[in-house]
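Let's walk through this structure together, one question at a time. Have the sequence and the 3D view ready.

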Amino acid sequence: MSELTAKAQELDAADELAAQRGQFVLDDAVYLDGNSLGALPAAVPGRLEDVVRRQWGSLRIRSWEESGWWTAPERIGDRIAPLVGAAPGQIVVGDSTSVNVFKALVAAVRMAAEDGDGRDEILVDATTFPTDGYIAASAARMTGCTLRPVTPAQVPEALSGRTAAVLLNHVDYRTGRLHDLPSLTAAVHAAGAYAVWDLCHSAGALPVGLDVHGVDLAVGCTYKYLNGGPGSPAYLYVRREAQDRFDSPLPGWNSHTDPFGMSADYAPAAGAPRGRVGTPDILSMLALEAALEVWDGVSIEAVRAKSLALTDFFLECVSAYVPEGAVESLTPAAHAERGSQVALRCADAGEVMKRLIAGGVVGDFRPPDVLRFGFTPLYLGFADVERAARILAKTLR
């Protein structure tokens with residue numbers, strides 16, 4: 001037995017989250033793509049069968065009240081809230097991440113306009129996931145703002161009296177770099193602007209602290225570290241102090257103060273429901289609710305500690321097993337700057353990833369030359385990590 005194999009066994013034996021693994025449907029592969037699509041929680045199929053056969057099949061329309069369908073967006077939002085450091089009543093679940101980014105960004109600009117400072121510029125993360133950039137450009141055109149792409153590091157110097165809103169990613173989707181949400185949010189506020197954060201690659205992997213750090217608006221998906229399933233609904237956070245001012249660019253009947261009044265005039269609901277638009281997607285919504293049960297009794301701080309331990313150990317194994325110079329880590333070594341993934345640059349990365357998947361290690365490839373591995377502490381062990389590094393080394397040889 002190698003020294004690193006023995007170390008993996010010791011780490012697994014001491015892992016306080018090891019029991020969570022049994023709550024997921026897994027196979028023999030080392031699944032390192034949970035930062036794209038989380039594994040299936042074992043409770044979901046049975047819950048969905050009940051939703052389809054009993055709630056829909058037998059109760060039918062009665063389920064909007066009797067099965068709690070109508071209140072699901074806020075109820076599930078309150079289940080997500082502790083994972084992102086939010087008190088209840090500030091998160092609504094529904095729509096896609098893209099739609100929620102649009103709602104949040106336009107609302108932020110409208111709040112800035114209401115402040116009366118003549119602000120006409122949106123700053124957007126230049127390294128963002130492409131859709132966020134597309135949405136920001138559309139929001140800028142719609143609101144008459146200028147769009148200015150900058151890196152997160154450039155934000156403090158780029159802020160000015162013209163800045164209305166800033167859209168940033170908490171974790172870079174390519175490299176896994178964790179950006180400094182507290183200090184960047186404080187800088188945005190000091191400039192009199194509003195902060196909008198995309199949490200897709202951080203929620204469920206590390207503490208976020210939306211309330212304590214004063215974030216104005218935030219959005220995120222639920223199919224990565226929250227394991228909600230393919231296309232599961234996203235969520236929108238609106239800080240309690242901003243809710244009365246949240247002016248959605250997509251006012252729908254579901255966010256009306258009297259949704260069944262069918263009034264021709266729109267009057268927004270109070271609180272988190274103001275972020276709703278149309279009829280919720282109940283099947284995927286309730287699959288997500290069942291998936292979130294794996295978090296019962298789990299501390300996000302414990303998840304973060306294991307995430308850092310897993311990524312540290314993976315980098316240690318890669319250094320020991322992989323031929324020198326074959327890969328280069330793009331992920332910061334410093335814990336304060338690392339999310340829950342490791343990005344390795346290598347030659348012919350697309351073909352390497354295909355061979356890795358064939359060999360039982362599932363990650364993903366980001367053009368032109370990045371192997372991306374996501375580390376999901378609820379169902380990944382240290383022996384998995386060591387095995388993945390060994391197979392990577394064999395593949396590269």
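Q: Does Trp-70 count as buried, partly exposed or exposed?
A: Keep in mind that this is a predicted model. Trp-70 has a relative accessibility of 22%. Buried would need a value under 20% and exposed one over 50%, so Trp-70 counts as partly exposed.

Q: What kind of pair do the rings of Trp-64 and Trp-70 form?
A: Their centres are 6.1 Å apart, and rings pair when that distance is within 6.5 Å.

Q: Which residue lies over the face of Trp-70?
A: Trp-70 belongs to a cluster that ring pairs build from Trp-64, Trp-69, Trp-70, Trp-253 and Phe-260. Over its face, at 4.8 Å from the ring centre, lies Arg-276.

Q: How many residues apart in sequence are the parts that the pair of Phe-314 and Phe-375 ties together?
A: These two rings have centres 5.2 Å apart and planes at 55 degrees, so the pair is tilted. Phe-314 lies in helix α10, while Phe-375 is in the loop between β15 and α12. The parts tied together are therefore apart in sequence by 61 residues.

Q: Which residue in β6 stands opposite Ile-122?
A: Strand β5 (residues 121-125) pairs with strand β6 (residues 146-150) in the parallel sense, over five bridges. The chain gets from β5 to β6 through helix α6, in a right-handed β-α-β crossover. Opposite Ile-122 stands Leu-147.

Methods: Residues numbered from 1 in each chain as written. Predicted model: local features only at pLDDT ≥ 70, side-chain atom pairs only at ≥ 80, totals over all residues. Heavy atoms only, no water. Pairing = 2+ DSSP bridges. Helix = DSSP H or I, 4+ residues; strand = E, 2+ residues; numbered from the N terminus. Right-handed = clockwise from strand over helix to strand, strands pointing away. Phe/Tyr/Trp six-rings, centres within 6.5 Å; stacked < 30°, edge-to-face > 60°. Buried < 20%, exposed > 50% of the residue type's maximum accessible area, 1.4 Å probe, protein only. Lys NZ or Arg CZ within 6 Å of the ring centre and 35° of its normal.
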